[in-house]
Amino acid sequence: MSITSVRPSRVRPSNRRRVLPLVLAAACSAAAALALAPSAQAVTPLIATATYDCGTWGHGVATLTAADSGTSKTIKINSTAITMPIGASADPNSITTTLKLTKTSGGVTSQVQFSGKTNPGMTGPNPITLGPLKLTSGTLAAGDRTDSVVLATPPSATNWSLQIVASSPTSATVPCVATVNQSAPFVW
């Protein structure tokens, strides 16, 4: 039996000159991507409650969950007090929801809106789950505060803080009014 020696392979100097710039370029690209990537922003609190009157769909507390990814600001709405009527149903992503909030920025008050067509399939009289709704009207900067748009009851086509428009298989437009401010305003 013969033993042969194995020599470790060597990278030729000319190959090192080609590989090193590629490694450096990849590292620089990764660092630049991380530096330019939007960072998640903190919203405080993340969860607040508000009371809404939604006529035939109910009256009571809704939980609002806010999020800010750095590129998108969203709010999700859940409520066991606000429900679809018995016999009504909604297919997934068939409800257009719009939420109006009062915005305070540097002492100036205005309104912003969150809207979206995101919902699980629902049937009456189950609780509602709507969103996440994206910021679609107005802007929010760091330190801006948002709170419920409190309106007098009853809700109507022109008097609403939250509007739920179901389209399949049940068709309904449900205006809701916030009857009190949120348990705490969101600070973006």
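Reader: Is Cys 54 buried or exposed?
Author: Cys 54 is buried, with a relative accessible area of 2%. Buried means under 20% relative accessible area, exposed over 50% and partly exposed in between, with a 1.4 Å probe and protein chains only. This is a predicted model: local features need pLDDT of at least 70, side-chain atom pairs count only at pLDDT 80 or more, and totals for chains, interfaces and linings use all residues. Residues are numbered from 1 along each chain as its sequence is written, and side-chain values use heavy atoms, with hydrogens and water left out.

Reader: What is Cys 54 joined to?
Author: A disulfide (a pair of cysteine sulfur atoms within 2.5 Å) joins Cys 54 to Cys 176, with 2.1 Å from S to S. Cys 176 is buried too, at 0% relative accessible area.

Reader: New topic. Where is Lys 100?
Author: Lys 100 is in strand 5, residues 95-105. Strands (E, at least two residues) are DSSP runs, numbered from the N terminus.

Reader: And which ring does its charged end sit over?
Author: The charged end of Lys 100 sits over the ring of Trp 160, 4.1 Å from the ring centre. The rule asks for NZ of Lys or CZ of Arg within 6 Å of the ring centre and within 35 degrees of the ring normal.

Reader: Which residues does Lys 100 touch?
Author: Not counting residues up to four places away in sequence, the contacts of Lys 100 (heavy atoms within 4.5 Å) include Gln 111, Val 149 and Trp 160.

Terms used:
Helix = DSSP H or I, 4+ residues; strand = E, 2+ residues; numbered from the N terminus.
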